[in-house]
Amino acid sequence: MKFVRPLLVSLLALAISPVFAQEATIRKNLSERLSNLPKIDEISKTPMNGLYEVRMGNDVMYSDSEGNFLIQGALIDVRQKRNLTEERMEKLSAIPFDQLPLKNAFTQVRGNGKRKLVVFADPNCGYCKRFEKDLQKLENVTIYHLLYPILGEDSKTKSKNIWCAKDKAKVWNDWMVNGTAPAAANCDTAAIDAIVEFGKKQRITGTPTLLFADGTRVPGAVPMAQVEKLLNDIK
């Protein structure tokens, strides 16, 4: 038995080393040949023979086994009718719920409030206004609003006035749903700055951006039927 363990270790090393060598080759060749390529964080095999995923942050591209070719686009499993790239991007863009800056949110509770939805929104975003009107129909949910003023100085001013209002949720609805501009108000707005900083780190580049309790991130003003499905699918 004393000879078995070293043998197993040696066999395992032989099996693993070609994989690492292949990844090293791809990394080296792509980095040398494409000087403007972002830092490669991970290289992994895909279900397609000879094709490797090259991950750079939350972005993915694909390479052959030698780093001679680089492919940008969707990898689709036609047998299972699955968009593997889309599934991977959803996983990469997810944010664990307990990592969201919810202490800087103001909330609206509807019904029993059991379902959770986080919305990053700019007060001057037209899509956010349309989405907010649709949100009025959502039941049995707690909505965490995170002010994310990325559309200019007026967005920052409106966000400040909303955040500093006595009843943030009411002033928010008055503006987003009914078009009544928030009255001027002053207070400490470090919470808004913290939200913007968090959003930039997480590469949240547009509004509205939705986050669900399972970490799923959904960009854009999607239909309420899709929101309902995502909320209900969370166990």
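Helix H3 (residues 126-135) lies across S7, strand S8 (115-121), S9 and strand S10 (209-212), and runs at about 160° to S8. Here contact means heavy atoms within 4.5 Å, and angles run from 0 to 180 degrees between N-to-C directions, with axes as lines fitted to C-alpha atoms, for helices over the stretch in contact. Helices (H or I, at least four residues) and strands (E, at least two) are DSSP runs numbered from the N terminus. This is a predicted model, where local features need pLDDT of at least 70, side-chain atom pairs count only at pLDDT 80 or more, and totals for chains, interfaces and linings use all residues. Residues are numbered from 1 along each chain as its sequence is written, and side-chain values use heavy atoms, leaving out hydrogens and water.

**The sheet**
- An open, mixed sheet is built from 5 strands in the order S7-S9-S8-S10-S11; two strands pair if DSSP finds at least two bridges between them.
- Strand S7 (106-110) and strand S11 (217-219) are the edge strands, each pairing on one side only.
- S7 pairs with strand S9 (residues 141-147) in the antiparallel sense over 5 bridges, and Gln108 has Ile143 in S9 as its bridge partner.
- Helix H7 (residues 224-233) also lies across strands of this sheet, namely S8, S9, S10 and S11, at about 135° to S8.

**The disulfide**
- Searching the whole structure turns up 1 disulfide, meaning a pair of cysteine sulfur atoms within 2.5 Å.
- The disulfide joins Cys164 to Cys187, with an S to S distance of 2.0 Å.
- The torsion about the S-S bond of Cys164 and Cys187 is about -85°, so this disulfide is left-handed.
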